[in-house]
Amino acid sequence: MGDISRRLFLKKGVAGLAAIAVAPELLSCSTQEQDGVKVRSFAPLAGSYDTVVVGGGPAGFIAAITAARQGARTALVERYGFLGGMATIGYVAPISVFAKDNNLVIGGIPWEFVKRLESMGGAFVEWPKANIDFDVELYKLCCQRMVLEAGVDLYMHSSLVGCEMEGKRISSIIIDNKNGLESLEAATFIDCTGDGDLANMAEVPMQPNPDNELQPSSFCFILSGVDTDSELLNKCMYHNGINGPSQCRPVREKLLALKEAGADIPDFGGPWFNNVLHKGSVAVNITRRASDSTDNRNFSSTECKLREDIFRFTELLRENFPEFRDCYVASTAPQAGIRESRRILGVHTVTAEEYVSGIRYEDSISRGIHPIDMHASKGTKQLRVDLEQPAYVPYRALIAPDYPNLLVAGRCISADRQALASLRVMASCMGTGQAAGAAAAQSLKEGGDVRSIDTARLVDTVRGLGAII
């Protein structure tokens, strides 16, 4: 396309925006040849790829590995200095859920990652559900090794700040890091940011939210000095369904009683205590506050309140339960965990009715078995609907109608709020990431339009990788 159709979308407040305003010719992010080398007038070109994946969480690092192994020159952009997403930046544990009744539901590269992590001493598989307890630091290392071994170029400490469009096609993204503003070109892009940041910048329509309600954020943390050999912890910090509910009922009932009696206790969920493979330490998921992760001021304010809540709950545990008498906050997650934010309005939207019914689509590319798990944004309640059979995800939920070279995977796929309440968990995100990576690589061989690829061939490809569909 000619320059007349090129548009540049930037986040508000990006450095240099004022300069662009007084130099309109830079809006095209124009490229010129100087001695055979591409020189861009706004954000220097850092690399040209077949596929660029934005976001290195469970969906993103699996998508990048998959695309690279399928022959695509692949780059992975991550704003933190490590991979893993909510597992490593949010301390969300365990990785849920890979199996039902000892039978895998999600396989392929995601399960290869689990087995690799297990061989490093960094994972413990809780059958029959195959929830995965993990060591946070070894998780980071395992991700890094597998991504680099696949030949993926990593752009760490890099924030997505813009994208350049040719009509509805994304021609490049703009990232910001210590090198300054840089651009990455690609034939296809995969949005694995969780919040749908790239899709939003490209003006992809999003799912409506007329009630303006989102599931709350939780700020997870690691407590050490805990009696993990105690009967209480041994019953509740393993989430296999054998020893009863993963929610620690004795602690919950005590906290609710104290709250009813007038004690200063913030809203909470669970609590859930999670095995981190180290005696005396547990990952804790208990805090809860309404927030919007796509609004910087809102999310910043919420995290400050949640951090106060972490230490308040630690004090309550220490004072009321002998198993926590000597506990202390060893580490807080780099950021609060996010359950819900933007979701694209895709070619097909997965509904709760379809999901619970186990509808199998012709273009099914992944599955899920985690319960529909809706956390109230205020208070302590939670709505849970268990699935009688594994659910399916169609490829059409990973693409938008008018966007020829954009895929999404993970939490921002096209699903209603209730279906998302299951699909948001990490094993499910890995499954959609695997499919997106395979689709990106396939589209390169079939004309470059992700909307028109041979879905039967895609299904065969992901099945060949080990997906159980």
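**Stop one: a pair of strands**

Select residues 159-166 and 169-177: these are strands β11 and β12, which run antiparallel and are joined by seven bridges. (Strands are DSSP runs of E, at least two residues long, and helices are runs of H or I, at least four, numbered from the N terminus; two strands pair if DSSP finds at least two bridges between them.) This is a predicted model, where local features need pLDDT of at least 70, side-chain atom pairs count only at pLDDT 80 or more, and totals for chains, interfaces and linings use all residues. Residues are numbered from 1 along each chain as its sequence is written, and side-chain values use heavy atoms, leaving out hydrogens and water.

Click Glu 164, and you'll find Ser 172 of β12 opposite. Two residues sit between the strands of this hairpin, where Gly 167 takes a positive phi near 70°.

**Stop two: a helix**

Now select residues 296-320, helix α9. Its buried residues include Phe 299, Leu 306, Phe 313 and Leu 317. Show β14 (221-224), α8 (249-260), β15 (268-275), β16 (281-287) and β17 (328-332) too: the buried residues of α9 pack against them.

**Last stop: confidence**

Colour by pLDDT, the predictor's confidence in each residue, from 0 to 100. The chain's mean is 91, but pLDDT stays under 50 over residues 1-5 and is below 50 over residues 12-28. Where pLDDT is low, the predicted coordinates should not be read in detail.

Conventions. The expected span of a helix is 1.5 Å times one less than its number of residues. Buried means under 20% relative accessible area, exposed over 50%, partly exposed in between (1.4 Å probe, protein chains only). Contact means heavy atoms within 4.5 Å.
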